[in-house]
Structures are given as structure tokens and as C-alpha cells.
Amino acid sequence: MGNDGGSIPKRRELVKDAARAPTVSELKATAHESLNHAWTHDPLTSELLALENVVSDWRGRLYNYESILKGLMPGDSDDTKNTESANPESLEFTFASTGIKSLRDIVKLKVKRYTPPGAKEKEIWACPVTLKELGASTRAVYLVPCGHVFAETAIKQIQEEVCPECSEAFRSEDIIPILPTEKSDLERLAARNDALRAKGLTHSLKKDKSSSKKKRKADEANGTGSGKGKEDSLKVTLKSDTSTRVSGINNAMTASLTAKVLAEQEERNKRRKLAAAGN
């Protein structure tokens, strides 16, 4: 047209250009943006993470402690929970998909605050050994069971398997990468979780109460239970365990939520036992 020697691009040529494969730099930028979002936002609520009150599961994901407590509360179904005010990337991410069944499936992280020289008011979250800022640009890990967070390079340099902050011993398999992206890390974490479950332990290395309940039910079905005395003893143990966990929480709101979750869990267990006895 116009005898200018030009040509009009066809539709398939336009679609081909629009659907071109992203470049390596574009892929890296997208991955970094996604990782930065995971470092700063709770995947369940899309609210900003409060790193002074953040927890992690066996996959290395980060959550606000309050969102885990609310997820453990009986009530709304997981299909409708956690979708309100969620961003498009987390609409399909529900509490049920985390696999968290109790507070023993998470570890409270301990992150160091640090003010860099020359930055009087700017406070960052940093590795206590290297003082590197923690976030999407730094590969970070935490130790189980203590929960202290470090840059991965710092943990690789230490000679003994003892936490540099609290001197609590740890095993090499209990070094958990935060928000891992490499396939080898994900496979190692999955294998670790399976091994712990086989031993009757949770991610925090505490005893898995759900396995004890299954064993107790099996014993009762086989007629090996010890009757009412055993049930009374269990109730006393549960009350003592609840009081201990709640008293160890400094934040008043968090302590209140924890007490409510534990009380409702206990009540729900009682109803299940009564229903099972009625059948």
C-alpha cells in the first residue's frame, strides 16, 4: 500500500512476536520479584510479614504466626478461608495445602536486627555472623530446633554443628533453606520430612501427637487400653501442655489466640471421641 515498498504484518506474525519466549534476564527478574514477595508477604493472607513474629514450615516457607493460629481454628472451610484480600498468585494457596496440623509443624524464627553504619534510622534484618541483609538477594537458612536465621555462607564456614547464637546443637539435615528454589533442596526437605514422620516426629523435632493418637486408637480397638484412668491422665497432660505453651508466649494477643486454638482443638477431640464411642 502507498507504493512505499513496505508491507502490512499479518496476524500470525503479530501473535508470534507477542508470544515470544522471555529472555534469561527477564526470567531472572521475574524470579527475583517472586522471591522478594515471598520474603515480605504471608502467602495465606498476602499481609506483610512481621519478621519478629514469623514462623516456617518444613518446606522453608514463611508465615505470620497469627495466620497459622487462625488457620488451626475450627470454623470456616479451607475452600473459603484465606481467599479474601489475597493476591492472584495466592488464590489457590489454602491453609490445608500447607500440611500444618499443629503448632509442632512450624518453627519460630529468630532474626537479628541490625543498623548499618551511616544509616541512623534504617534498620535491617541481617545474618548475625556476616551482617548480610536477609532477603531475596541472600541465600538464607535457619536451624532446627532453635530457629536462628543465618546467611547460608556463614553456616558453611562453621566447624562445629553448634548454633553460633545460642550454642544449641543441630544436625546437618536440620539446616533448613528459606524459600528454596533448587530441586535438590526441595527433594532433601521432602526426604527429611518423611524420615521424621516415620520416627513419629514433627518438623520442630517434637513428638507427633497425631501418631500417638493413631496408636492409642489401635490399642483401644485391640482391647489393650487401660480404661478411664488413662483418659483422666491424658486430660491432665493436655491441660498442663496447653498452660506451658501459652505461658511461654510474651505477646498478649498471640497468647490469647494460642489459648483459644488449643482449647478448641481439645473440645473438637472430645466430640470426636464421643461420636466414635456412640458408633
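I take helices (H or I, at least four residues) and strands (E, at least two) as DSSP runs, numbered from the N terminus. The model I am reading is predicted.

**Entry: overall make-up**

I counted elements on that basis. The protein chain has 8 helices and 8 strands. I then checked burial. Of its 279 residues, 35% count as buried. The protein chain exposes about 17600 Å². Carbon and sulfur atoms supply 53% of that area. Last came sequence separation. I took the contacts between residues at least 6 apart in sequence; 53% of them join residues at least 24 apart.

**Entry: a sheet**

I traced an open sheet of 3 strands. Its order is β2-β1-β3, and the pairing is antiparallel. Which strands are the edge strands? They are β2 (62–64) and β3 (107–108), and each pairs on one side only. Strand β1 covers residues 54–56. I found 2 bridges joining β1 to β3.

**Entry: helix α3**

I moved on to helix α3, residues 65–72. Is this helix enclosed or open to the outside? I used the cut-off for buried, under 20% relative accessible area. By that cut-off 7 of the 8 residues are buried, so α3 is largely enclosed by the rest of the structure. I listed the buried ones: Y65, E66, S67, I68, L69, G71 and L72.

**Entry: cavities**

Rolling a probe the size of a water molecule over the atoms shows where empty space is left. How many cavities of 30 Å³ or more are there? The count comes to 2.

I took the largest cavity to begin with. Its volume is about 40 Å³. The lining is W39, L51, V54, L62, L109, V111, L134, V149 and I178. I sorted that lining by class: 9 nonpolar, no polar and no charged residues. I note two sheet residues here. V54 lies in β1 (residues 54–56) and L62 in β2 (62–64); both line the largest cavity.

I then turned to the second largest cavity. Its volume is also about 40 Å³. What lines it? I read off D57, W58, T98, G99, I100, D105, N193, R197 and H203. By class, I have 2 nonpolar, 4 polar and 3 charged residues in this lining.

How values were computed. Residues are numbered from 1 along each chain as its sequence is written. This is a predicted model: local features need pLDDT of at least 70, side-chain atom pairs count only at pLDDT 80 or more; totals for chains, interfaces and linings use all residues. Side-chain values use heavy atoms; hydrogens and water are left out. On a 1 Å grid over the protein atoms alone, a cavity is a set of points where a 1.4 Å probe fits but cannot get out, and a pocket is an open set with protein on both sides within 12 Å along at least five of seven lines; lining residues have an atom within 4 Å of a point. Grid points are joined across faces, edges and corners, and a volume is the space filled by probe spheres set on the points. Ala, Val, Leu, Ile, Met, Phe, Trp, Tyr, Cys and Pro count as nonpolar, Asp, Glu, Lys and Arg as charged, and the others, Gly among them, as polar. Buried means under 20% relative accessible area, exposed over 50%, partly exposed in between (1.4 Å probe, protein chains only). Contact means heavy atoms within 4.5 Å. Accessible areas come from the Shrake-Rupley method with a 1.4 Å probe; for residues, only the protein chains shown count as cover. Two strands pair if DSSP finds at least two bridges between them.
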